[in-house]
Amino acid sequence: MNGFMLTGFDMVVIAFVAIVVLVFFAGVKQVPQGYNWTVERFGRYTRTLKPGLNVITPFIEVIGAKLSVMEQVLPVPDQEVITKDNANVKVDGIAFYQILDVAKAAYEVQNLELAILNLTMTNIRTVMGSMDLDQLLSHRDAINTQLLHVVDSATSAWGVKATRIEIKDILPPADLVASMGRQMKAERDKRAAILESEGLRQSEILKAEGQKQALILEAEGRREAAFRDAEARERGAEAEAKATEVVSKAIAAGDVQAINYFVAQKYVEALKSLASAPNQKVLMLPIDATSLLGSIAGIAEIAKASFSDSADQQRRRPGVPDTRG
């Protein structure tokens, strides 16, 4: 026979090979990275397949659940929350979770994402409902931490780890937002007024300090001037005492011209006092004013005698030539 004829044995072999191929493909499973598959034998969980090639018993074992073990994002829709001070706000958020135990996540809870979502929304109402509106707006980090702790404790029985929960928006009513704006403006105006008054107060303090310093300096100047005047008067008194002493010695020596000098000095001082009086318009000299001239002449004689004595003493010094004619 020229045609190709398949015998019964050949058909059996071909069928056997086909069955082997089918069994091979049915028993070999390729799990992608980031996923874990559960294996069930007659409907009962037996083991978990990791990423890569895995072999199961065909027709006896089947693949149960195919779950991702990567961190996943679950949006939390907005919901209304009534705060402790009866403020009605809208809140939404986002939750991050990761499956750590695939068997528990597949067989301990039905519809894992829905369970996590409802658990998160319930705890958002519980946690935020126990706070005032001001606390909600200013303590968002504390709210996130508290929510994460509560949700993670609840989901641990499902083999799930809640990694992060964030509150995205907190929206108070429009009228409440307007009231908060007015309150903030009033608070800023109050702080501005306080700062302005503090500035004025500081300015007055500095001005008073400057005036005080000026008065201190002025008093110190007056004290220094008084000290200088006293010192000048002391110097004058010392000079006058010295002059009086010299005149007294001259009088004791019998010098009549010294007496004339002393009387003339007192006479001149008396005339000076009369001339400097504010109500003195006309100065009347006494008839014996010529005696004043005699006193002044006596002063000249004293000076002449003094200069003569000084010149004689100078000539008596050794080495000084006599210049008299």
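This is a predicted model: local features need pLDDT of at least 70, side-chain atom pairs count only at pLDDT 80 or more; totals for chains, interfaces and linings use all residues.
1. The side chain of Asp-92 does have a polar atom 3.0 Å from the backbone nitrogen of Asp-169. Beyond its neighbours within four places in sequence, Asp-92 contacts Val-76, Pro-77 and Asp-78, as well as Ile-167, Lys-168 and Asp-169.

2. Now for Val-91. Setting aside residues up to four places away in sequence, Val-91 touches Pro-77, Asp-78, Gln-79, Val-81, Ile-124, Met-128, Ile-167, Asp-169 and Ile-170.

3. Val-91 is also among the residues with the most contacts inside the largest nonpolar core, a set of 33 residues; Leu-112, Trp-158 and Ile-167 are others in that group. Strands S6 (72-82), S7 and S8 (160-171) each give two or more residues to this core, as do helices H2 (102-107), H3 (112-129), H4 (133-138) and H5 (140-155). Helix H3 supplies the largest share, with 9 residues. A second, separate core has 5 residues, including Trp-37 and Leu-49.

4. Finally, the whole protein chain. The chain holds 8 helices and 8 strands, and 21% of its 325 residues are buried. Of the contacts between residues at least 6 apart in sequence, 61% join residues at least 24 apart. The chain exposes about 23100 Å², with carbon and sulfur atoms supplying 60% of that area.

Definitions and conventions: Residues are numbered from 1 along each chain as its sequence is written. Side-chain values use heavy atoms; hydrogens and water are left out. Helices (H or I, at least four residues) and strands (E, at least two) are DSSP runs, numbered from the N terminus. Buried means under 20% relative accessible area, exposed over 50%, partly exposed in between (1.4 Å probe, protein chains only). Contact means heavy atoms within 4.5 Å. Accessible areas come from the Shrake-Rupley method with a 1.4 Å probe; for residues, only the protein chains shown count as cover. A polar contact is a pair of N or O atoms within 3.5 Å; within protein, one must be able to donate a hydrogen and the other to accept it, and residues adjacent in sequence count only if both atoms are side-chain atoms. A nonpolar core is a set of buried Ala, Val, Leu, Ile, Met, Phe, Trp, Tyr and Cys residues joined through side-chain atoms within 4.5 Å.
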